[in-house]
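Hello,

Here is the structure for your work on voids and pockets. Please look at it first, then read the notes below.

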Amino acid sequence: MFARINGQNLAFEANETILDVARRNGIHVPTLCELTDIDHAPGTCRVCIVEVLRPGHTEPEYLTACDTPPGDGWQIMTRSPKVQEMRRLQVEMTMADHHQDCSTCPRNGNCELLFVANAVGLKRIRFRYPEGWRDLAPDAGTQPVVYDRSRCIRCQRCAAVCRKVQSVDALEMTGWGRTAGVRLKGGDIDLSPCVACGQCVMVCPTGALAERDETQEVLDCLADPGIVTVFQMAPAIRVGFGEEFGLPPGTNVEGQIVAALRVLGADVILDTNFGADVVIMEEGTELLGKLAEKKRPVFTSCCPAWINFAEKHYPGILPYLSSTRSPQAVVGRIAKTYLAERRGFDPDRVRVVSIMPCTAKKQEAARPALAENGRPDVDIVLTIREFARLLRREGIDLKNLEPSAYDDPLMSEYSGAGAIFGTTGGVMEAAVRTMFYVINGKELEHIEVAQLRGFENVRLATVDLGGELGEIKVAMCHGLRGTRALVEDVLAGRADLDFIEIMACPGGCVDGGGTLRSKKAYIPLAMKRRETLFDIDRKAKVRQSHNNEQVRKLYADCLGAPHSEKAHHMLHTQYAARPCGAKLDIEAEWAELRARQGR
């Protein structure tokens with residue numbers, strides 16, 4: 001079958017849309033609501049409108065290219081004068097009820113709506129309809145992700161990624177006309193199915209969805225001479241930040257980030273990778289103990305959105321979770337105890353600031369269980385996007401900085417195993433390296449465990465740990481749709497597994513909900529960032545968590561041994577069931593509706 005687009009005879013398949021055919025042949029059609037990477041093409045924005053003349057017709061039709069399949073013999077024009085005029089009017093009407101104070105928008109400088117406005121040649125906005133949002137109170141909550149209806153264009157991408165990719169289905173459309181928008185099912189984050197993974201933010205084309213910004217709080221801490229600022233940087237930050245300042249995607253900018261923090265005036269700079277190595281010591285010991293007792297499987301507990309998912313959606317799985325804190329929480333607790341004592345800091349004056357690829361880490365830091373006498377172990381969590389804003393506010397251009405090295409003698413050293421925590425399968429591989437050593441008293445010969453390094457959403461493998469345990473059966477999952485199926489298999493007794501790693505975000509932390517956003521793309525840089533983490537591991541002098549000298553010193557001087565009473569008090573936590581009570585699966589709801597109609 002053939003259609004004629006802008007004078008070219010082009011073949012197409014039965015399952016293609018006009019937009020598919022145009023893109024495949026290098027013909028540009030502007031879009032706004034559509035996002036191919038998550039299979040979302042609702043046609044609601046109508047920016048992709050094209051002119052179609054069917055065989056036997058004398059008058060053209062104007063159809064949306066993203067959701068219209070072409071017909072044999074159709075003549076399609078993507079840039080006729082009428083099409084261009086209609087696109088400009090459509091974008092103008094979208095802008096008419098949009099909050100146009102771009103200087104205060106979190107997408108300032110990276111907005112898809114402004115990009116499309118330029119692409120269609122919009123020169124003026126004749127209409128203004130702020131009635132739908134003018135009287136809305138600003139979002140003053142403490143939830144990690146905030147919604148601003150005044151900037152919402154109702155593209156429904158957020159609802160689509162939550163439903164299709166994550167299978168959480170926490171968002172729904174509400175209202176009519178200019179008052180239409182998105183809301184959480186259940187009304188607020190505690191009652192809704194939302195797990196704060198932030199994938200909705202990653203696909204939002206405007207500033208309607210963003211992280212709760214805490215850059216001012218960090219600046220206030222830095223300006224207070226009575227406060228000791230302790231910064232920590234997650235594994236994924238160093239490989240997912242450089243492109244914001246013009247460096248190639250996946251560049252390792254660890255040294256430049258350390259230099260930037262020194263320019264900011266940070267008192268202490270730590271690496272969350274150190275905490276990852278400590279987590280392996282605790283979680284690995286915990287796992288070996290449970291496997292010896294035939295208590296299986298054990299789930300990892302590093303990902304806060306996964307913890308939220310378990311507590312809200314499957315509280316029955318909580319007894320299977322490791323009690324070990326996340327690396328962020330481990331570093332926070334040790335910084336306000338061990339580090340403070342040895343550096344002579346008053347713990348009440350220490351403020352721990354985390355730079356994370358994750359929105360759910362903000363919620364994790366606020367958990368009462370991760371505080372001592374009401375004092376949080378981690379005080380402020382910045383996403384990568386907030387950290388970029390912080391540097392720009394202070395006039396710091398990352399690419400012009402000479403790399404600098406860590407110099408803290410207690411908590412800045414890390415192994416290659418700690419570095420690969422930032423990608424799917426990395427926690428599993430790091431744990432296997434140390435568990436093999438604990439069992440056999442020697443290092444794993446093939447340190448890069450190939451069977452753990454795939455990128456499928458759910459991967460199964462076996463690993464020979466030697467000794468009495470022998471082979472163990474493991475699973476790794478990134479993304480919550482696959483996680484849901486895996487958890488249900490475990491609860492139903494269908495899964496024969498020993499150890500399960502879960503990362504809520506597709507791709508793992510390198511593409512977490514707090515990472516840099518890409519125009520018209522969903523997690524396009526996962527593989528480049530992932531490969532750089534593996535390269536950091538390959539080049540590391542120490543590649544096993546148990547060989548980290550600063551971790552050994554921590555246990556010798558403070559904790560005693562992994563899983564000791566003191567280590568358990570400081571480095572472990574507990575979880576609580578908090579069922580959301582909302583229906584979770586839209587497909588099940590449709591099935592129920594169809595069944596009712598059938599009756």
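**The largest pocket**

With 4 residues, α12 gives the most to the lining of the largest pocket. Keep in mind that this is a predicted model. The volume of the largest pocket is about 1000 Å³. Its lining has 38 residues, and T104, C105, P106, G207 and A210 are the closest to its centre. Three elements each supply at least two residues of this lining: β6 (145–147), β9 (209–211) and α12 (384–393). By class, the lining of the largest pocket splits into 13 nonpolar, 9 polar and 16 charged residues.

**The cavities**

A general point first: when a probe the size of a water molecule is rolled over the atoms, it shows where empty space is left.

How many cavities of 30 Å³ or more does the structure hold? There are 7 of them.

The largest cavity contains about 310 Å³ of space. Its lining is made up of 26 residues. Nearest its centre lie C302, C303, P304, K361 and C509. Which element gives the most to the lining of the largest cavity? That is β19, with 3 residues. At least two lining residues come from each of α9 (304–313), α10 (327–343) and β19 (499–503). The lining of the largest cavity counts 18 nonpolar, 6 polar and 2 charged residues.

The second largest cavity holds about 140 Å³. It is lined by 16 residues, with I307, E364, R367, L370 and Y575 the closest to its centre. Here α9 and α11 (360–365) each supply at least two lining residues.

**The chain as a whole**

Now the overall picture. The chain has 19 helices and 19 strands. Its radius of gyration is 26 Å, close to the 25 Å that the globule rule gives for 599 residues, so the chain is as compact as a globular protein of that length. Along the principal axes, the C-alpha atoms fill a box of roughly 85 × 55 × 45 Å.

Of the 599 residues, 57% are buried. The accessible surface of the chain is about 24700 Å². Carbon and sulfur atoms account for 51% of that surface. Take the contacts between residues at least 6 apart in sequence: 74% of them join residues at least 24 apart.

Where is C48 found? It sits in the loop between α1 (18–24) and β3 (49–53). Is C48 buried or exposed? C48 has a relative accessible area of 2%. The cut-off for buried is under 20%, so C48 counts as buried.

Beyond its neighbours within four places in sequence, C48 is in contact with V29, P30, T31, L63, T64, A65, C66 and R87. For a distance to check on screen, take C48 and E214: they are 37 Å apart in space, C-alpha to C-alpha. In sequence, C48 and E214 are 166 residues apart.

Best regards

Notes:
Residues are numbered from 1 along each chain as its sequence is written. This is a predicted model: local features need pLDDT of at least 70, side-chain atom pairs count only at pLDDT 80 or more; totals for chains, interfaces and linings use all residues. Side-chain values use heavy atoms; hydrogens and water are left out. On a 1 Å grid over the protein atoms alone, a cavity is a set of points where a 1.4 Å probe fits but cannot get out, and a pocket is an open set with protein on both sides within 12 Å along at least five of seven lines; lining residues have an atom within 4 Å of a point. Grid points are joined across faces, edges and corners, and a volume is the space filled by probe spheres set on the points. Ala, Val, Leu, Ile, Met, Phe, Trp, Tyr, Cys and Pro count as nonpolar, Asp, Glu, Lys and Arg as charged, and the others, Gly among them, as polar. The radius of gyration is taken over C-alpha atoms; the globule rule is 2.2 Å times the number of residues to the power 0.38. Buried means under 20% relative accessible area, exposed over 50%, partly exposed in between (1.4 Å probe, protein chains only). Contact means heavy atoms within 4.5 Å. Accessible areas come from the Shrake-Rupley method with a 1.4 Å probe; for residues, only the protein chains shown count as cover.
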